[in-house]
Amino acid sequence: MVTTPLVVDQGVVFGNYARTVVAVDHDGALRWTLGLGADVDGSAAVGLDGTIYIGSDDGSLHAISSDGVELWEVPVGREVRAAPVVATDGTIVFGAYDGGLRAVGPDGVMRWTLPTGGAIHAAATIDPAGRIFVGSRDERLYALDLDGHVYWNLELPGQIDSGVAISPAGTLVVGCDDGQLRGLR
């Protein structure tokens, strides 16, 4: 297993190399499993209504009910290993190995796509003001709003495979493949 387990009200949810998403209760007893047909390398997120969102190497983002029923999937054509993130309005933002950062509604309808020049490996970060920050293997850090409008992008000297952290003072903290950790204001 390479995913970070997601703790939800009913227990814990995680994906695995057995091509399934698994849910166990808080005592470790199996609640349900759902086969996705490909490895599940990315971690899950939970929506405002308890829906679980998780990507797969089948090239799709999947929405799963809290009792293990697949509600919908959004195919994007390449692996979805970056954990999705859910905004306060319910928008689900996720990156994929095709280099696209996408936003879909809780109903699975695509809202927008931002193409980058490289795969997106790590989850996006959304700050309290609704600004999205995400790195790409195109060696750029992107900042955009929930409507997909880009504020800026910054070139760094290496691929960005890690997520962005935000300090209490608003400093963006990001690492890249040159081995350096940067604080950006």
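**Strand pairing and salt bridges in a predicted model**

Strand 2 (residues 11–15) and strand 3 (residues 20–24) run antiparallel and are joined by four bridges. Strands are DSSP runs (E, at least two residues) numbered from the N terminus, and two of them pair if DSSP finds at least two bridges between them. This is a predicted model, in which local features need pLDDT of at least 70 and side-chain atom pairs count only at pLDDT 80 or more, while totals for chains, interfaces and linings use all residues. Residues are numbered from 1 along each chain as its sequence is written, and side-chain values use heavy atoms, with hydrogens and water left out.

- Gly 15 stands opposite Val 21 in strand 3.
- An open sheet with antiparallel pairing is formed by four strands in the order 1-2-3-4.
- Strand 1 (6–8) and strand 4 (30–35) are at the edges with a single partner strand each, so one side of each has no neighbour in the sheet.

- Strand 14 (residues 132–135) is joined to strand 15 by four bridges, and the two run antiparallel; Ile 132 stands opposite Leu 144 in strand 15.
- The hairpin of strand 14 and strand 15 has four residues between the strands, and Glu 139 takes a positive phi near 70° there.
- Strand 15 also pairs with strand 16 (residues 150–155) in the antiparallel sense over five bridges, and Tyr 142 stands opposite Asn 153 in strand 16.
- In the hairpin of strand 15 and strand 16, with five residues between the strands, Gly 148 takes a positive phi near 90°.
- Strand 15 (residues 140–144) is largely enclosed by the rest of the structure, because four of its five residues are buried (buried is under 20% relative accessible area, exposed over 50%, partly exposed in between; 1.4 Å probe, protein chains only).

**Salt bridges**

- The whole structure holds eight salt bridges (a side-chain nitrogen of Lys or Arg within 4 Å of a carboxyl oxygen of Asp or Glu).
- Asp 41, Asp 57 and Arg 81 are linked in a network of salt bridges.
- In the pair of Asp 41 and Arg 81, the closest N and O atoms are 2.9 Å apart; Asp 41 is buried at 14% relative accessible area, and Arg 81 is partly exposed at 25%.
- Asp 57 also forms a salt bridge with Arg 81, with the closest N and O atoms 2.9 Å apart.
- Asp 161 forms a salt bridge with Arg 137, the closest N and O atoms being 2.6 Å apart.
- Asp 161 lies in the loop between strand 16 and strand 17 (165–166) and Arg 137 in the loop between strand 14 and strand 15, so this pair ties together parts 24 residues apart in sequence.
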